[in-house]
Amino acid sequence: SRGLGDVYKRQREAYEQANVQLGTQVRVTSGEEVFEGVAEGIDDAGALRVRTEAGVRVVHAGDVTRAR
């Protein structure tokens with residue numbers, strides 16, 4: 001029998017495969033904050049991981065667009 005953890009893992013993997021932003025430079029606007037980095041993946045809570053010059057940021061809510 002498979003647990004819910006397996007179901008969530010498969011869903012996250014499918015989402016990551018379909019997400020065309022992963023591996024690209026993105027601009028994140030979250031509230032008053034704006035930063036750029038490379039979209040790396042989705043964590044176990046469903047948040048976007050973005051690698052910036054200062055390290056990996058976890059984005060739970062905000063607008064994400066490709067950086068120009």
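Strands here are DSSP runs of E, at least two residues long, numbered from the N terminus (helices are runs of H or I, at least four residues). Two strands pair if DSSP finds at least two bridges between them. What you see is a predicted model, where local features need pLDDT of at least 70, side-chain atom pairs count only at pLDDT 80 or more, and totals for chains, interfaces and linings use all residues. Residues are numbered from 1 along each chain as its sequence is written, and side-chain values use heavy atoms, leaving out hydrogens and water.

Start by selecting residues 25–30 and 33–42. These are strands E1 and E2, an antiparallel pair with 6 bridges. Together E1 and E2 make a hairpin with 2 residues between the strands. Click on glycine 31 in that turn: its phi is positive, about 65°. Now look at who faces whom: serine 30 has glutamate 33 of E2 as its bridge partner, and arginine 27 sits opposite glutamate 36 in E2.

Find glycine 41, which stands opposite arginine 49 in E3. The E2–E3 hairpin has 5 residues between its strands, and glycine 46 there takes a positive phi near 90°.

Now zoom out. Which order do the 5 strands follow in the open sheet? Read across, it goes E4-E3-E2-E1-E5, with antiparallel pairing.
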